Amino acid sequence: MTAAAPEPKANMGQPVPRYDAVAKVTGRATYGSDMPLDNPAYAFLVTSAISKGRINSFELDDAKRVRGVIDIVTYQNAPKLKESKLFSNGGYAGTTIQPLKSADVAHDGEIIAVVVAESYEAAREAANRVKVSYTAITPAASFDSPGTTKAAAKGQNGQFKEDPQVGDFAKAFDEAEVKLTASYDTPTQHHNPMELFSTSCVWMGDDLVIYEPSQYVYGLKNGVAEQLGIDADKVRVVNPYVGGGFGSRGSMTPRTAIIAGIARRLNRPIKLVPTRDQGFTIATYRAETRHEIKLGASRDGKLVALRHEGAEVSSRADPYCVGGTKTTTRLYACPNVDSLVSIVRADRNTPGFMRSPPEVPYLFALESAMDELAVKLNMDPVELRRVNDTINEPIGGKPYTSRALMACFDEAAKAFGWAQRSAAPKSMSDGDWLIGYGCAATCYPTQMAPSAARVRLQRDGRTRVEIAGHEIGTGAYTIIAQTASERLGVPLEKVSVFIGDSDLPPAPVAGGSNSTASTCSAVMMVCDQVRQRLFKALMPNESLTDKAKETVGIGQTPTTQAAKSDRPLDLEKAFDALGVGVVEEYGEWKPEGAPLDSFKAMHSGHARLVGGAAMKDKIAYAFGAEFVEVRVNRFTHEIRCPRLVGAFAAGRILNPRTARSQLMGGLIWGMSSALLEATEIDERTARYVNDNFADYLVPVNADVPGVEVILISEQDDHINPAGAKGLGELANVGTNAAICNAIYHATGQRIRKLPVRLENIEV
Amino acid sequence: MRPFSYQRVTDPDMAVQVLSAAAAANNPLTKAAAQPLAGGTTLIDLMKLDVMRPAAIVDINPLSEGWSAVDPGGESLRLGALAKMSDVAAHDEIQRNYPVVANSLKLAASAQLRNMATLGGNVMQRTRCSYFRDVSYENCNKRNPGSGCAAMDGVNRMHAVLGTSDQCIATYPGDFAQALIALDASIEITGRSGTRSMPFAELHKAPGNTPEIETTLQPGELISAFVIPGRWPRSVYLKARDRQSYEFALSSAAVALDVQDGTISDARVALGGVATVPWRAREAEALLKGQRFDDALAQRAADAAFADARGRQHNGFKIALGKRVVARALQQAVTMEI
Ligand SMILES: Cc1cc2nc3c(=O)[nH]c(=O)nc-3n(C[C@H](O)[C@H](O)[C@H](O)COP(=O)(O)OP(=O)(O)OC[C@H]3O[C@@H](n4cnc5c(N)ncnc54)[C@H](O)[C@@H]3O)c2cc1C
Ligand code: SF4
């Protein structure tokens, strides 16, 4: 065992190496734009240089003269496309702003023309030569710009159903012994996955194949079909590997149907590889948010009143919001709670999911406020969490299916050396550096969605698993293979996994950290169907009672969460008895509480996620605790983070290696979010300024010398058959607050606006 | 990016000839039709962004045999213009006798870039102003003379507080140039009439009314070497930045001192990340010379260095930051064990 492959504890699988490791490090993994196409034409986008107004005219002659140019598509000659509704209102789209429909421009960097040419270079050169004349209208860029409108989220966004409340907040806050009111801000951020937002479209007669990095091949397939007005069965989306997603590829962007439409008209495969800066405006982003937190507590630290008010920016067209109050109002025991989420409309593109969309900004506010309260109470921040720990969430009184928050705090505190902290701010230093320790809680809802799978077992044990899941770097191939291997009792090397193709059985969006729970539960169920067929063949007279089911096993005990098999099954004999060479089963699994239309929705590309705070009589979350050491230079005020330590409990850990990697990446992302990442907006023009990797900062190796991930053993039998809580979005939630809390400890200065930069420090 | 011709030149005369032939009257060097290519880490970048549109690229790398020598032997240091940043940064004697030079290079860019990039290209690198580098912004006097300056009242956190004009506030981004200007380096220029020498301090031009003119180099002229007189073992390059590596300076200081019996007999101070050109802080130097060092003196020198600084909406912090960086660099230089 190594640091990268931690020793499994109770209820953890083996840290087997990644299924796709060799393919990736040898460059054999084919991403969307690697797919070989027969005689493709190349598309290059022209995007708007204004964020609001109209296009007066295009000057295209110079561009058309570039050798190899085939076509220049503008709103004047674009293929007609049907509209798709926003995903949160029953559609597939991440934005309802449809480019190339009219001369109007609704946001910075909107697609206004597509140049198609015989080569990428010719398309790019011609795009550079397109001249556009605009009439610009002064846009509203963000919260403080004149011309924005603000309204409650409830009632406009189909997915934001409640502003959680309980008790009498106003009275309790008024009477509280200790009170805190504080405001917090988070910035615009962009996902910047390594793989660009490419799309290749190939028509074969009436059939369309799309190669595109997607976190939801069924959503994209159905969405593009809808926009093109064709049968969804005619569309296939293929992406065996996705070079990072982080939410940016969960809903459909307008580019895909546009490219598909042009390819159909030209009767030629088209490949589009947009630039890095275009990725900032043709896909979604995390919008800036503002928060006001009010906490009232008794002297012993018990919360008596909590109010969280959040505001988020969205586009004029769409009421997108993340609404994290569903989590922050339930995290701690508190009898009097109030909350409100509002949406502020500005002249921007529609924002969208970005890794732990609601929890990142909302927990930054709450966990910073908890630290401020601990200071007011003169209490250790860990103890403040302990005093307010609860097994029943306060809004509806529902029990958490399991909750290891304090175990995480205690383990992480020990590993970090929290006891060595001297509590007073500015009391620790090393040479030029002031040292601060900080901590915060982290959590993420456990979510599941209906999923199907197909499993085919051969006599020699070779197994093929098919499921339209997504490998976005998380380890999906690996854990699906492990699940099938364990459940069927066949060696791991004999399992092949096929994912990332909408011709395979449907799986949900790879979002909301639901993939492992959903896909592995489906694979387990279908493996059981295979075992049942073999069992029946061998023991035709025994009825398939629950007892009998439990004894159907092909090899070793499948998983700790699964039924124990005491009668190993002889494969050859079973196949002989069946008289076939291959057993293949297809099945559809849905989680407890899934709506009635779940399976239908699953096939039409709508993922019906259940779980988290929305369950009927329980609530399911994964928890963690994060501790950081921050160093602030007395002279330059540079802020560095030499140590990040996190302990996490997320139900069954299917593979400690891939789990650790996800959590480590989350901690690093969290640090990056606290100290580096912000998309700068030019207030006058509502345009992004630092839309490239040189100016939009993410950490380099030298910024993360020490990251430690501790996996806490946890078993939860009330969530899903796989027993897994999602953890892909768990670790980057608490880090923002942990870092600001550490900066307070280092400097005595409380910073409530992200990211924190050296100019914000006044030591 | 647009089509261009590519030519490798095998001797300096040929390079000069090809480059001069393409020069058009009244066109500043930055807009010349032919551009020399060294490591390409600035030039190719700007061509991809459509900011620079040369019709011809003249690859001078074949000249490296004669132009990449590093000679730290005598009473001066001679560095060929085609020497790689990484080679010079790793050079033992340069680390020992010119730490400010080695560290200004070592703390710049990334390992991959330093392996490609040359010293000549480094001093000629162009500003990182986001509006300059994005052609969808019309208003940039440096790119489109007379069009205005989008950064002046835009996002200007990275911009300069010294040497600005009402036409342009773009920061000169490089690190190495601060070491050169501090140490009174000269450059060798190879042109049509042979080779001449010029103080490095005369290479860059403040924006004034012509921000498109960045250097005094003429089309057809190439930098062939840098010469640094004397040795400066007591020298420091201090760089404050958002990340621990691979990031331009928000503020930096190149400091070199000669301390005899506790008295500063010579002092050199140059500032990076805060000015439109490589910036020598002579007022600070004057205050230091002949004095015994203490923290108050460092503070006065730092104040003097920024006496004329003017901030805009987002970069005002650079004045206070720059002062602390200068003061700290001076302290570090004084206490160096040499
Ligand atoms: C992401 C990134 C981060 C960076 N970070 C830093 C940093 O922190 N600090 C820093 O100092 N730099 C930094 N740089 C800039 C980098 O150091 C320069 O790009 C590099 O030094 C340029 O050298 P080159 O040989 O590649 O030049 P080229 O790109 O080949 O040339 C640059 C310019 O100089 C001209 N030129 C080249 N050689 C000569 C010559 N001998 N005579 C006359 N003209 C010549 C070219 O025509 C061109 O216009 C960074 C660059 C990038 C891309
Ligand atoms: S600061 Fe200079 S380079 Fe930047 S936009 Fe203004 S004129 Fe252009």
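Me: Ala, Val, Leu, Ile, Met, Phe, Trp, Tyr, Cys and Pro count as nonpolar, Asp, Glu, Lys and Arg as charged, and the others, Gly among them, as polar. By class, what does the shell around ligand 2 have?

Reply: This is a predicted model. In it, the shell around ligand 2 has ten nonpolar, four polar and one charged residues.

Me: Which residues come nearest to ligand 2, and how do their classes follow?

Reply: Cys129(B), Cys140(B), Asn141(B), Cys149(B) and Cys168(B) come nearest, of the 15 residues around ligand 2.

Me: Why is the approach of Thr118(B) to ligand 1 called a polar contact?

Reply: A polar side-chain atom of Thr118(B) lies 2.7 Å from an oxygen atom of ligand 1. The limit for a pair of N or O atoms is 3.5 Å, so the pair qualifies. Lys239(B) has a side-chain N or O atom 3.0 Å from an oxygen atom of the ligand, and for Asn122(B) the corresponding value is 3.2 Å. Both values are within 3.5 Å, so these pairs qualify too.

Me: Why is the pair Asp432(A) and Arg328(B) called a salt bridge?

Reply: Their side chains meet at 2.7 Å, N to O. The rule asks for a side-chain nitrogen of Lys or Arg within 4 Å of a carboxyl oxygen of Asp or Glu, so this pair meets it. Across the interface of chain A and chain B the rule finds two salt bridges, and 18 residue pairs are in polar contact there.

Me: Which element of chain A gives the largest share of the side that touches chain B?

Reply: That is α3(A), with four residues. By class, this side has twelve nonpolar, three polar and 15 charged residues.

Me: What describes the size of the interface between chain A and chain B?

Reply: The size of an interface is often given as the accessible area lost when the parts come together. Here the two chains bury about 2,900 Å², 49% of it on carbon and sulfur atoms. In chain A, Phe635(A), Arg684(A) and Val689(A) lose the most area to chain B, together 17% of what that side buries. In terms of contacts, 30 residues of chain A meet 33 residues of chain B.

Me: Within chain A, how do you know that domain 1 and domain 2 touch?

Reply: Contact means heavy atoms within 4.5 Å, and 26 residues of domain 1 meet that limit with 27 residues of domain 2, so the domains touch. Their centres, taken over C-alpha atoms, are 34 Å apart. About 2,000 Å² is buried between them, carbon and sulfur atoms giving 52%. On the side of domain 1, Tyr19(A), Leu654(A) and Pro721(A) lose the most area to domain 2, together 31% of what that side buries.

Me: What makes Arg652(A) and Glu486(A) a salt bridge?

Reply: The distance, N to O, is 3.4 Å. That is within 4 Å, so the pair counts.

How values were computed
Residues numbered from 1 in each chain as written. Chains lettered and ligands numbered in written order. Predicted model: local features only at pLDDT ≥ 70, side-chain atom pairs only at ≥ 80, totals over all residues. Heavy atoms only, no water. Domains from an automatic or database assignment. Buried area = accessible area lost by both parts, 1.4 Å probe. Polar contact = N/O pair within 3.5 Å; in protein donor to acceptor, adjacent residues only side chain to side chain. Helix = DSSP H or I, 4+ residues; strand = E, 2+ residues; numbered from the N terminus. Near = heavy atom within 4 Å.
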